[in-house]
Amino acid sequence: MHFKKILGTAVALAVASTFALTGCGEDSKTLVRMSHSQIETHPDHIGLVAFKNYVESKLPEKYEVQIFPNATLGANEKVLELIKQGSVQYLVVSTANIEAFDPIYSLFSMPYLFTSEAAFEKFILDGKIMEQLGVNSDKNGFYPVAAFTAGSRNFYAKTPIRTVADLSGKKFRVQAGPTNVAMMNAFGGAATPMSFGEVYSALQQSVIDGAENNELALTDQKHGEVCKYYTYDMHQMVPDLLVVSKKFYDGLSADDKAVFDQAAAEAEKAEFEAWDKAVQDAKKTAEGMGVEFITVDVNEFRNKVLPLHEELLNATPALRPLYEEANKANQAQ
Ligand code: GCU
């Protein structure tokens, strides 16, 4: 862990100095850096490869796109600062990680906001919704430019979770963000927020009893080595957003903006196309690791935390119009 941190800092420094040299090297291409925290077979990475290929095919003399996987530039929360400064240009980040900057993104942390993955996908692919989410972008220093699906988030642990009572008193890692802490408390568990890269060792060292995520975390992050029970309680559907540094984007010409916008659309398409197979493969691999997939009475879990909706809407009234749109998307399915 410590080593990874040092390495992360070293890479970040190297990146900063390369950036300073941009335009003075043997060629005058502008480097575009994209950061994410997944491994290179993950759909997020596949999306970014599509982005890179598009930009470099349209403007080969002008831009070189570099993708940094595995949070090598640092955890999302840190890279957001580099995005604001403009030294990293793009980041794939879960909305849960940006709700501290802007409460509008807490919408997706609301448990059981969507009643189906189809409704969730329709909602995040709607350009008008993306515009509403980006309402405070000038202040935030980044714009959301594409949404990636990340499936459904479910609990997994060292002991089986078959009913809500099984969560009681257990420590679960949640993504940083106040809504996740409120959710976990409402479920009767103890929330332990930490960044994604820290979860594996926290599980191994029994700092936590379990975590919650989509199936890919079991295999890509090896959490299935430690947690042998994965429960389909379906408590959240939280997208990953591709965000661009405002500083970088505002400096582009109109023509180049059009290329980068289309590249974001290509990334979104490629990521969605890769998703279902990635989940199927992860389930198969996890079963091979000895993970049991458990189905439960989802309504029991939903009813336990549903009162949170009104609490969260009252705390952040700006969420209400989006909440109503989400309900419409649910009804349309
Ligand atoms: C998913 C998601 C990531 C997020 C992670 C987490 O893997 O795709 O963007 O960081 O969950 O739980 O932190």
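1. Let me start with Y112, which counts as buried at 6% relative accessibility. Y112 sits in the loop between β3 (90-94) and α4 (117-124). Its phi is near 60 degrees, a positive value in a residue other than glycine. Bear in mind while reading that this is a predicted model.

2. Most residues other than glycine have a negative phi. M234 lies in strand β9 (residues 229-236), and with a relative accessible area of 27% it is partly exposed.

3. On to the aromatics. How many aromatic pairs does a search of the whole structure find? It turns up 19. One of them joins Y63 and F260 edge-to-face, with 4.9 Å centre to centre and 90 degrees between the planes. Y63 belongs to strand β2 (residues 63-68) and F260 to helix α11 (residues 254-288), so this pair ties together parts that are 197 residues apart in sequence. Both Y63 and F260 are buried.

4. Another pair to check is Y230 with Y232. The ring centres are 5.3 Å apart and the planes stand at 75 degrees, so this one is edge-to-face; the cut-off for that label is over 60 degrees. Y230 is buried at 0% relative accessible area, and Y232 is buried at 15%.

5. The charged end of K283 sits over the ring of F293, 5.3 Å from the ring centre.

6. Now the ligand. Which residues are around it? The set is Q38, N76, S94, R153, R173, Q175, F196, N213 and D240. By class, that shell has one nonpolar, five polar and three charged residues.

7. For R173, a side-chain N or O atom is 2.7 Å from a ligand oxygen. For N213, a polar side-chain atom lies 3.1 Å from an oxygen atom of the ligand. For Q175, a polar side-chain atom lies 3.5 Å from an oxygen atom of the ligand. As for cover, the ligand on its own has 310 Å² of accessible area, and the protein covers 97% of that.

Key:
Residues are numbered from 1 along each chain as its sequence is written. This is a predicted model: local features need pLDDT of at least 70, side-chain atom pairs count only at pLDDT 80 or more; totals for chains, interfaces and linings use all residues. Side-chain values use heavy atoms; hydrogens and water are left out. Rings of Phe, Tyr and Trp (its six-membered ring) pair if their centres lie within 6.5 Å; planes under 30 degrees apart count as stacked, over 60 as edge-to-face and the rest as tilted. Helices (H or I, at least four residues) and strands (E, at least two) are DSSP runs, numbered from the N terminus. Buried means under 20% relative accessible area, exposed over 50%, partly exposed in between (1.4 Å probe, protein chains only). A charge sits over a ring if NZ of Lys or CZ of Arg is within 6 Å of the ring centre and within 35 degrees of the ring normal. A residue is near a molecule or strand if one of its heavy atoms lies within 4 Å of it. A polar contact is a pair of N or O atoms within 3.5 Å; within protein, one must be able to donate a hydrogen and the other to accept it, and residues adjacent in sequence count only if both atoms are side-chain atoms. Accessible areas come from the Shrake-Rupley method with a 1.4 Å probe; for residues, only the protein chains shown count as cover. Ala, Val, Leu, Ile, Met, Phe, Trp, Tyr, Cys and Pro count as nonpolar, Asp, Glu, Lys and Arg as charged, and the others, Gly among them, as polar.
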